Amino acid sequence: MKKNIIQKILESHLISGSMQEGEEIVVSVNKTLSHDLSSIIVAQILEAVNADKIQVEKSVFFCDHNVLCTVSDNADDHHYLKTAAERFGIYFSKPGNGICHTLMCERFASPWDVISGGDSHTPTSGAVGALAIGTGGLSVAKAALGKGFRFKVPKVLGVKLTGSLNPGVAAKDVALELLRRISVKGGLGKVIEYFGDGVSNLSITERMTITNMSIETGATSGVFICDEVTREFLKAQGREEEYKPLVPDDGAQYDELVEINMSELKPLAACPSSPDKVVPAEELGDVKVGSVFIGSCTNSSYLDLARAAAVLEGKHVHKDIDCVIAAGSRQIFEQLIEDGIIDILVKAGCRVLECACGPCIGIGQVPRTNGVTVRTSNRNFPGRSGSLAADVYLVSPETAAATAISGKITTAIELVSGEKLEKVSKEPISHIDDSYIIAPLPDEERRQIVPVKGPNVSDLPIPEIPAGDLNTKIIIRLGDNITTDDIIPGGAEIVRFIANVPAFAEYTFCYEDPDFVKRAKEFGSSIIVGGENYGQGSSREQAAILPLYLGVRAVIAKSFARIHKENLVNWGILPLTFIDDEAYEIIERDDEICLKDLEKGIQEGIIEAVLPSKDVTIRLKLDVTQEDKNILLAGGELNRLAQ
Ligand code: F3S
């Protein structure tokens, strides 16, 4: 059989199961990553199960989200993570070293890896030929303990790239074009394989932008073939020996195929408030903008900032615009300083932030009320910028820089010559700085370390083991595409409580329904009702943990986003779907509901729900694997790991 690269990687890591589409398999994981918001859970779980040491080649804790430390809670969390990393043999990347996905590609990821990561944009490492999958902290902890990663054999969506990008058009426009064509749902249940003649025209950092935004299509991951460009990137990072070719067999089959001729693309923009509301940027010329952010794990490479500088050189940021920039890693930042790029950007009026996520997750640079902001990041859901009353447009660094100059959405080619933009070198940076990475200690020293928990680190909630009937109430009825940001928003004020479940839980659905927490406490136990694609967006596990803490026992939705469904199962919350979607119309907030005989229902995958006030019975489906059922029957994965 002719194989594509996804099949090749999966087969090389297969532990159990059969490689038939839709079948559940377990694959070995050789690297894991998590950041300060997800590492907390990984560390808490490693402690809770009395682990001695991680059992994979490399695990890394990065600190990139909550690095401002405006309150001592954050610094306490970082210290806990550093000491837990030292205890369990994990690399620790200090705050300020950069964004996890940028650093993972630069310093850790290799072709043919399978990486489990506690962040939805983990697939960024697919740029160097790793099958990198975003998941919850619980799954990362399991993988780090050598238990592999369990998932269904995905469909493979082949994206054939041909041609090359014209000046002023960027890799971001390739990612946006794919979203324009297949939407935020087009990748569900699939892994994207990027191949074709055009791939060799893309640098690794351009490929990172594309794999990074693969997740926005709903895909499980995105992986590029490996070629000489991959080898050169690894060589520049002192890791050439990790290079291994990775190409599909001639005649390899794909479940679906999309072809993008990059030569035909124009600069694009995703309009508020979804990454797939994509239009040509030139059609938005009348949109007046208040702020611009060039950075995030999508667009913070040397090339991104050097191209932005090529646009801004000799010009100045518009008087009505705040323009901030942030490099993806210290080593990129240092190279930008050496090459005079930062000098150009600062003289052009840009403000320089540290190498971290920052505005991407609403930690700093929250737009003004009803403001319009143009960003190079990957998501523009309501509230993602830290304000519900802001419109976020997603564009490339070139378009962002041109917009910063003109004050309204503008493409680079309207302001500078193509020759100038093309002069920016695509060569990978060879600057290496590992001074902010703390490597694991020898075993004798490691075992002496006791992780230091600050007062902001609480215990994790333990789910109830399902038994008998569940008599409870509907606490909320939501529409389609509810994101994990809707369930628990980002922003510095909120995520400071990331390790403190009771305090963090107070913000559950705080924008969507300010009385949610009050009702949850009154109800004791409850059920959430949602529409299509419930739990899309960030892999934020707290979107399962906090409802669990507040008594939520099940979510009934028309469909679920993959990572969130996995998180619900891991945390013992039943992810149920309607057998007949019309039942969604019957259920109302505050309805009493009885889920009959939970153990039998979980085993059989069908649960009957009685709504006594409406005198109706509806049938619900538990569409999960047998292993998921075992986890749910045990009261969640933490209960099982502890046993
Ligand atoms: Fe950070 Fe935003 Fe990426 S929060 S990991 S820069 S999606």
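Me: By class, which residues make up the shell around the ligand?
Reply: In this predicted model, the shell around the ligand consists of four nonpolar, five polar and two charged residues.

Me: Which residues are they?
Reply: The ligand is surrounded by H65, H101, D119, H121, S296, C297, C357, C360, I361, N378 and R384.

Me: And what is the space taken by the ligand?
Reply: That space is the largest cavity.

Me: Changing topic to the helices: at what angle do α9 and α12 pack?
Reply: Helix α9, residues 302–312, packs against helix α12, residues 397–406, at an angle of about 35 degrees. Their axes are 8 Å apart.

Me: Is the crossing of α9 and α12 left-handed or right-handed?
Reply: The crossing of these two helices is right-handed.

Me: Which residues make the contact?
Reply: Helix α9 contributes D304, R307, A308, V311 and L312. From α12 come P397, E398, A401, A402 and I405.

Me: What does that contact look like by class?
Reply: The contact of α9 with α12 has seven nonpolar and three charged residues, with no polar ones.

Me: Now the backbone. Which residues does a cis peptide bond join?
Reply: A cis peptide bond joins P272 and S273, with omega at about 0 degrees.

Me: Where is S273?
Reply: S273 is in the loop between β13 (268–270) and β14 (278–280).

Me: What about the phi of N481?
Reply: N481 is not a glycine, yet its phi is positive, at about 55 degrees. N481 lies in the loop between β21 (470–477) and α15 (484–487).

Notes. Residues numbered from 1 in each chain as written. Predicted model: local features only at pLDDT ≥ 70, side-chain atom pairs only at ≥ 80, totals over all residues. Heavy atoms only, no water. Near = heavy atom within 4 Å. 1 Å grid on protein atoms, 1.4 Å probe; cavity = no way out; pocket = protein on both sides within 12 Å on 5 of 7 lines; lining within 4 Å. Sits in = over half its atoms within 2 Å of the grid points. Nonpolar A, V, L, I, M, F, W, Y, C, P; charged D, E, K, R; others polar. Axes fitted to C-alpha atoms, helices over the stretch in contact; angles between N-to-C directions. Helix = DSSP H or I, 4+ residues; strand = E, 2+ residues; numbered from the N terminus. Left-handed = near helix turned anticlockwise from the far one by under 90°. Contact = heavy atoms within 4.5 Å.
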